Amino acid sequence: PVLDTEDSWVSAEGPVSIVELALEQKRIHYPLVEHQFVLCTVLYAIMRFSLKSVKPLSLFDSKGKNAFFKDLTSIQLLPSGDMDPNVLSIRQQFLLKVVTAAVQTLCSSQKAKEVSEEELFPFEKGKSWPTLAADLAQYLQISEDLVKRHYVCELYSYGMDHLGEE
């Protein structure tokens, strides 16, 4: 980008401006940032719902695991469209566990004292965990419909028929 500056600023002395420093930075590889975001979301879900039997790195293949330890400005080989069926199965089980735990937490809190989802998850306002799991399914190459169907089944099984119908 072209930065127009006034003549009086050209002769100014001092440290380099923050704009010039920002322009000198290397550009990040955005798919690598998305890959890191997926890992952070997975780790947060494991922590939020105390999912004890989940190994987060088992959700990624060898290329995906190697990409976590690289600089964000480097171009890395990320997982391609062809995935190992075992990894896909583990991913699917993880997403279904997240949806089940979210519905279970919501149901138990509503039965206890009629608390809304926003009050139950105060730091996650505007984000529904089942919706987040469906969004995460796109990144993990799992069918969104499968996650949504599981969500509806869980709502019905916990007696929240009015939400299941929606």
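Helices here are DSSP runs of H or I with at least four residues, and strands are runs of E with at least two, numbered from the N terminus. By that count, the protein chain has nine helices and zero strands. Keep in mind as you click around that this is a predicted model.

**Whole chain**

Start with everything selected and colour by secondary structure. From the N terminus on, you'll read α-α-α-α-α-α-α-α-α. Switch to a surface next: the protein chain exposes about 11200 Å², and carbon and sulfur atoms supply 56% of that. Of the 166 residues in the chain, 31% are buried. If you draw contacts between residues at least 6 apart in sequence, 67% of them join residues at least 24 apart.

Now select residues 18-24, which is helix α2, and pick out Glu20 in it. Glu20 and Leu3 are 17 residues apart along the chain, and the C-alpha separation is 9.2 Å.

**Helix α3**

Which residues of α3 are buried? Show side chains for Leu32, His35, Val38, Leu39, Thr41, Val42, Ala45, Ile46 and Phe49. While you turn the view, recall that an α-helix has 3.6 residues a turn, so residues three or four places apart point the same way.

Step on to Ser50, which follows α3 and has a positive phi, near 50°. Ser50 takes that positive phi although it is not a glycine. Its place is in the loop between α3 and α4, the latter being residues 62-67. With a relative accessible area of 48%, Ser50 is partly exposed, because buried would need under 20% and exposed over 50%.

**Last stop: Gln141**

Finish by selecting Gln141, in the loop between α7 (129-139) and α8 (144-157). What is the phi of Gln141? Its phi is positive, about 60°, although Gln141 is not a glycine. Check the surface here as well: Gln141 has 33% relative accessibility, so it counts as partly exposed.

Note on methods: Residues numbered from 1 in each chain as written. Predicted model: local features only at pLDDT ≥ 70, side-chain atom pairs only at ≥ 80, totals over all residues. Heavy atoms only, no water. Buried < 20%, exposed > 50% of the residue type's maximum accessible area, 1.4 Å probe, protein only. Contact = heavy atoms within 4.5 Å. Areas by Shrake-Rupley, 256 points an atom, 1.4 Å probe, with all protein chains shown as cover.
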